[in-house]
Amino acid sequence: MSLLDLGLVLSRGAEPLPTASSRCFPPGNSCEPCPTSWLSFEGSCYFFSVPKTTWAAAQRHCADAGAHLVIVGGLDEQGFLTRNTRGRGYWLGLRAVRHLGKVQGYQWVDGVSLSFSHWNQGEPNDARGRENCVMMLHTGLWNDAPCDSEKDGWICEKSAPEPRPLQHVVSWGLLTSLAPGADCQRVFSSSSIAAESQKHSAQHSPVQPSAWALGPPCQPHPNSTHAGPT
């Protein structure tokens, strides 16, 4: 939808404008909270793999993406993971801590000892004394398994990028934002936008393609026909 189309929506009041979190032009760039194919949840980005590999290889894949195998911090995060298993099993960023051959506890890849857990019934059982890594079943419940098993995918986790400072410009009665140095614009909806649109309509009849800078000048959306700020 072009800015012109959105301007018509605003003037007609047919539907609310998209919010900053729901729309960015074009998709998939720095305005997006997470990279393509990653899911967003409470300030983190998650990648659910399709291929299967060993625990160590899975951790390397995550590290290559600037992430780590997922660390489950509580029931809310666990619920999010469970809802996205898609019937598959995945490695978690959790390993056994052994002493004299016996499991003494479990530790996340960031070095923090396990507190919250979501074990399947009868787990962990350290079958044959070699189940040092932990995976999540398709049910969301956890199971200990040999680290060299290649039966499961993996879940990577990393922090969502911090939003960059935005410059604002009113264009066709819409308030948009352009991240400095980026080629994307976000559309914000608020009562102040509607007021600005009505004010402009009263002063300019009919509405002419133009842009009114509220801060440092920025370029209009490439789909628009604006010649430049007035």
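1. Contact here means heavy atoms within 4.5 Å. The model is a predicted one.

2. Start with the overall picture. The protein chain has four helices and 12 strands. Of its 230 residues, 43% are buried. The chain exposes about 12,500 Å², and carbon and sulfur atoms supply 52% of that area.

3. Next, look at how the chain meets itself. Take the contacts with a separation of 6 or more: 62% of them join residues 24 or more positions apart.

4. Now turn to helix H2, which covers residues 55-64. Which of its residues are buried? They are Trp-55, Ala-57, Ala-58 and Cys-62. Seen down the axis of H2, these buried residues fall within an arc of 165°, so they line one face of the helix. Arg-60 and Asp-64 are exposed on the other side of H2.

5. What covers the buried residues of H2? The cover includes four strands: E3 (68-69), E4 (90-99), E6 (133-136) and E8 (153-159). Find each strand in the structure, then look back at the helix.

6. Check the backbone just after H2 too. There, Gly-66 takes a positive phi of about 70°.

7. Is Trp-108 buried or exposed? Its relative accessibility is 6%, so Trp-108 counts as buried; the cut-off for buried is under 20%.

8. Who surrounds Trp-108? Leave aside its neighbours within four places in sequence. Trp-108 is then in contact with Val-70, Ile-71 and Val-72, with Leu-92, Gly-93 and Leu-94, and with Ser-113, Leu-114 and Trp-142. Along the chain, Val-72 and Trp-108 are 36 residues apart, yet 8.8 Å separates their C-alpha atoms.

9. Last, look for empty space. Rolling a probe the size of a water molecule over the atoms shows where such space is left. How many cavities of 30 Å³ or more does a search of the whole structure find? It finds one. The largest cavity has a volume of about 30 Å³.

10. By type, the lining residues divide into four charged, three polar and three nonpolar.

Conventions
Residues are numbered from 1 along each chain as its sequence is written. This is a predicted model: local features need pLDDT of at least 70, side-chain atom pairs count only at pLDDT 80 or more; totals for chains, interfaces and linings use all residues. Side-chain values use heavy atoms; hydrogens and water are left out. On a 1 Å grid over the protein atoms alone, a cavity is a set of points where a 1.4 Å probe fits but cannot get out, and a pocket is an open set with protein on both sides within 12 Å along at least five of seven lines; lining residues have an atom within 4 Å of a point. Grid points are joined across faces, edges and corners, and a volume is the space filled by probe spheres set on the points. Ala, Val, Leu, Ile, Met, Phe, Trp, Tyr, Cys and Pro count as nonpolar, Asp, Glu, Lys and Arg as charged, and the others, Gly among them, as polar. Helices (H or I, at least four residues) and strands (E, at least two) are DSSP runs, numbered from the N terminus. Buried means under 20% relative accessible area, exposed over 50%, partly exposed in between (1.4 Å probe, protein chains only). Accessible areas come from the Shrake-Rupley method with a 1.4 Å probe; for residues, only the protein chains shown count as cover. The arc is that of the directions from the helix axis to the C-beta atoms.
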